[in-house]
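Please consult the sequence and the structure alongside the text.

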Amino acid sequence: MTDRFIDISQAKHFNVASPFKGNTHTSDLNGRVSSQWFSRPDDEKFLDLNTLYDYTKKSADNSFSSIVDVSEVQVTAEQSDPDKLELIVPIENGEVITTQPNHYSFGQLCSLAQTPASYLRKLPAALAGINLQYGIQNLRTEKVKTYITKNGHTELRAATVADYGRIFDYEVVQAVQNIAGNGIGDTHWKVPGVLNWQDGTYNPDAAITKESTTLFASDRDIFLFLVDDKHPISIGTYTDPRTGKVEDDLLFRGFYVWNSEVGNRSFGISCFYLRGVCQNRNLWGVEGYQEIRFPHSKNAPRRFVQEAKRALESFADSNTTALLNGINAAKTTIVAKDEDDREKFLKKQGFSGHEVSTIINTVIKEEGHEPKSVWDFVNGITAYARTKGHQDARLEVERRAGRILDKVA
């Protein structure tokens, strides 16, 4: 959190062809990409966007949606096979099909039927079927939207409310391809390089492997993270604590996108600037975090076209002037001159008394002075966010810091 004033006219833009120093001693650490990278098996990791698109498009092409009258759904099971549970479902074209729920859609059915999935999974199929049938017949809704795959066998991929607005995973991948090509460097946007902790350098040309990719997909969701790490900008300088040398403080753009066409999660985009990505896919030195998300309501597909795709394209095409202007404004906007001002400012942002003390003390410890400017407070808040063990709590604190920056940008 070095106190530095940025002269926009002197901001330097770089085209890098070799590793560069990454200032990981300031701002925020974001572990969301790392948690995806760590939890995904190899068959959910993809090396380029074209392969990812083919996977998601094939999955959608083999699937279809149908609004089903729940009173006509039958749950069947046989005593002779304690693990086999099936649904007989009349679909919209008059056809009646037999399908098996997968682990995820079984949970959705249980949720809709207000029956405990964890308990039913322990029962033989025949007993579980009786309980599930009773729950389905007593649903408060008369219609359910099913999403079924036909690919050698029929599998129920999702069971949602009738007005569920499906954004297909392949549509999201396609929107990313419009700005990122194949995601491997054929445009500015690519799978990130790797930060070398031994000398503090970031290599944007690191090989893309199953161990380093940030493109993920499964039968229930997708998550993509790309960066423009060959075109960083300098927003000032910092002193490298390892060497004592003054280095350019370089930022580059990054974004991640997530979605689930089966209702496992909302659709969302997060855009930000960062200083490096380590081998474990943690994001270091994050600045200017902004997020758009919305649930799969009936208007979600329209909103995706009208809002989300436009926002992604705008960020991809944006220049750095807005970022530099925002940082300059934050550094020069003084909001606190004494202790009372500092406490009032943070409490106005919704922080408790304990959080106020923690944030102020963090700035004093890391900067050697009490927070005065918006920039001081934002850096103190993002440092405080790093102490949050739960990811959602950390992101909420980061969003508060972002809203403060937005007011002066």
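Two strands are taken to pair if DSSP finds at least two bridges between them. Helices (H or I, at least four residues) and strands (E, at least two) are DSSP runs, numbered from the N terminus. The model is predicted, so that local features need pLDDT of at least 70 and side-chain atom pairs count only at pLDDT 80 or more, while totals for chains, interfaces and linings use all residues. Residues are numbered from 1 along each chain as its sequence is written, and side-chain values use heavy atoms, with hydrogens and water left out.

**Sheets**

Three strands form an open, antiparallel sheet in the order β2-β12-β11. Its edges are β2 (20-21) and β11 (194-196); each has a single partner strand, so one side of each is left without a neighbour in the sheet. Two bridges join β2 to β12 (residues 201-203) in the antiparallel sense, and K21 has T201 as its bridge partner in β12.

A further open sheet contains six strands in the order β5-β9-β10-β8-β7-β6, with mixed pairing. Here β5 (63-69) and β6 (74-78) stand at the edges with a single partner strand each, so one side of each has no neighbour in the sheet. From one strand to the next, the twist averages 40°; axes are lines fitted to C-alpha atoms, for helices over the stretch in contact, and angles run from 0 to 180 degrees between N-to-C directions. The antiparallel strands β6 and β7 (residues 81-90) are joined by five bridges, and V75 has L87 as its bridge partner in β7.

Helix α3 (residues 103-112) lies across β7, β8 (96-101), β9 (143-150) and β10 (154-161), and runs at about 35° to β10. Contact here means heavy atoms within 4.5 Å.

Helix α2 (residues 49-61) has 13 residues and reaches 18 Å from its first C-alpha to its last, close to the expected 18 Å. The expected span is 1.5 Å times one less than the number of residues. The buried residues of α2 are L49, L52, Y53, T56 and A60. They cover an arc of only 100° around the axis, which puts them on the same side of α2; the arc is that of the directions from the helix axis to the C-beta atoms. D54, K58 and D61, on the other side of α2, are exposed. Buried means under 20% relative accessible area, exposed over 50%, and partly exposed in between (1.4 Å probe, protein chains only). Among the elements covering the buried residues of α2 are β5, β9 and α6 (169-180).

Buried residues in α5 include A125, A128, L132 and I136. Their cover includes β6, β7, α3 and α4 (117-120).

**Individual residues**

T146 belongs to strand β9. Leaving aside residues up to four places away in sequence, T146 touches F64, S65, S66, V68, L156, A158 and R166.

Q114 is found in the loop between α3 and α4, and R281 in the loop between β17 (276-277) and β18 (283-294). Q114 has a positive phi although it is a residue other than glycine; R281 likewise has a positive phi and is not glycine.

| Residue | Relative accessible area | Class |
|---|---|---|
| T146 | 7% | buried |
| Q114 | 62% | exposed |
| R281 | 0% | buried |
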